[in-house]
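Hello,

I am handing over the structure below.

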Amino acid sequence: MPERLELSATPEALRQVKQWLQELKGRYALPDIIVGELNVILEELVMNIIKHAKPTPPSLGPIPVRIEADLSDRRVMVRVMDESLPFDPLSRPKPNLSLDLNDRPIGGLGIHLVRELSDRFQYSYEQGWNVSLIEKTMHQENRE
Amino acid sequence: MEISTRSTDGNAMVMGLNGRLDAVTSHLFEREIVAFFSKDSKRLALDFGQLDYISSAGLRVLILGAKKSKESGGALVIFGLKSHIMEVFEISGFSSILTILPGETEALASLA
């Protein structure tokens with residue numbers, strides 16, 4: 001994982017993620033479509049940490065967040081890590097997309113987007129850190 | 001993100017979003033759309049032609065807006081989506097709960 005970004009779980013992190021992705025785009029010549037989808041994935045995972053993560057006692061927060069990325073011309077692997085109590089984003093219920101407007105809840109689509117926009121999404125808890133591993137394959141139509 | 005609103009020949013309004021609709025900016029859009037459907041004129045076409053990015057924070061406000069539109073007896077349509085925004089709509093199951101049209105002509109015709 002040669003690329004790394006250190007953050008705190010605050011809304012400011014979203015601006016830093018966006019800027020970091022622009023740097024990676026330049027360095028690895030990433031297609032716009034991949035950068036956009038990675039941005040959504042990272043925004044959703046970071047917002048999930050901001051909303052749901054509980055600091056590990058005796059820490060009071062803000063919660064440390066680390067994002068690592070390993071990029072090649074065939075795939076992107078990203079690890080989003082936060083040092084807090086165990087919290088598995090994959091345990092969140094899947095939204096029911098067949099409900100009509102009256103019955104659709106207003107939120108609850110964030111982790112759904114991560115699942116749908118990634119080719120692999122795994123969770124583990126490693127030495128006090130929640131780790132979400134995301135893999136995106138560069139499909140033929142995404143290459144430039 | 002910038003939000004601009006303009007009136008049309010008919011009684012509909014067009015609200016254009018320019019830039020990124022994300023967790024940082026979605027509250028601005030929420031304020032505009034909630035205010036819109038609390039007023040007298042309630043027919044709104046959302047112009048997404050200049051929208052480059054949307055996350056679940058933006059999707060949330062669209063569901064909220066669609067509900068407000070229905071509750072208030074108004075109408076809401078969206079047009080001009082870029083293909084990657086349309087992809088996010090599709091994986092969110094939005095085509096069955098929102099009216100999505102290709103361009104402004106079709107959008108305003110549906111609101112007339």
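**Salt bridges**

Over all chains, the count comes to 15 salt bridges. Please keep in mind that this is a predicted model.

One of them pairs Arg4(A) with Glu68(A), where the closest N and O atoms are 3.0 Å apart. This pair links distant parts of the chain: Arg4(A) sits in strand E1 (residues 3-8) of chain A and Glu68(A) in strand E2 (residues 64-71) of chain A, 64 residues apart. The two partners fall into separate accessibility classes. Arg4(A) is partly exposed, at a relative accessible area of 46%, whereas Glu68(A) has 8% relative accessibility and therefore counts as buried, the cut-off being under 20%.

A second salt bridge in chain A joins the side chains of Lys25(A) and Asp32(A), at 2.6 Å from N to O. Lys25(A) has a relative accessible area of 26%, so Lys25(A) is classed as partly exposed, a label that covers values between 20% and 50%.

In chain B, Arg20(B) and Asp22(B) form a salt bridge, with their closest N and O atoms 3.6 Å apart. Both Arg20(B) and Asp22(B) are buried.

Some salt bridges share partners, and these join Arg4(A), Glu6(A), Arg66(A), Glu68(A), Arg79(A) and Glu126(A) into one network.

**Chain A as a whole**

Chain A has 3 helices and 5 strands. Read from the N terminus, its elements follow the order β-α-α-β-β-α-β-β.

How does the radius of gyration of chain A stand against that of a compact globule with 144 residues? The globule value would be near 15 Å, and chain A has 16 Å, which agrees. Along the principal axes, the C-alpha atoms of chain A fill a box of roughly 45 × 45 × 25 Å.

Of the 144 residues in chain A, 45% are buried. Taking contacts in chain A between residues at least 6 apart in sequence, 64% join residues at least 24 apart.

The accessible surface of chain A is about 7,400 Å², and carbon and sulfur atoms account for 49% of that surface. As for charge, chain A carries 18 positive and 22 negative side chains, and the centres of these two sets lie 1 Å apart.

Regards

Methods: Residues numbered from 1 in each chain as written. Chains lettered and ligands numbered in written order. Predicted model: local features only at pLDDT ≥ 70, side-chain atom pairs only at ≥ 80, totals over all residues. Heavy atoms only, no water. Salt bridge = Lys/Arg side-chain N within 4 Å of Asp/Glu carboxyl O. Helix = DSSP H or I, 4+ residues; strand = E, 2+ residues; numbered from the N terminus. Buried < 20%, exposed > 50% of the residue type's maximum accessible area, 1.4 Å probe, protein only. Rg over C-alpha atoms; globule rule 2.2 N^0.38 Å. Contact = heavy atoms within 4.5 Å. Areas by Shrake-Rupley, 256 points an atom, 1.4 Å probe, with all protein chains shown as cover. Lys, Arg positive; Asp, Glu negative; His and termini not counted. Charge placed at Lys NZ, Arg CZ, Asp CG, Glu CD.
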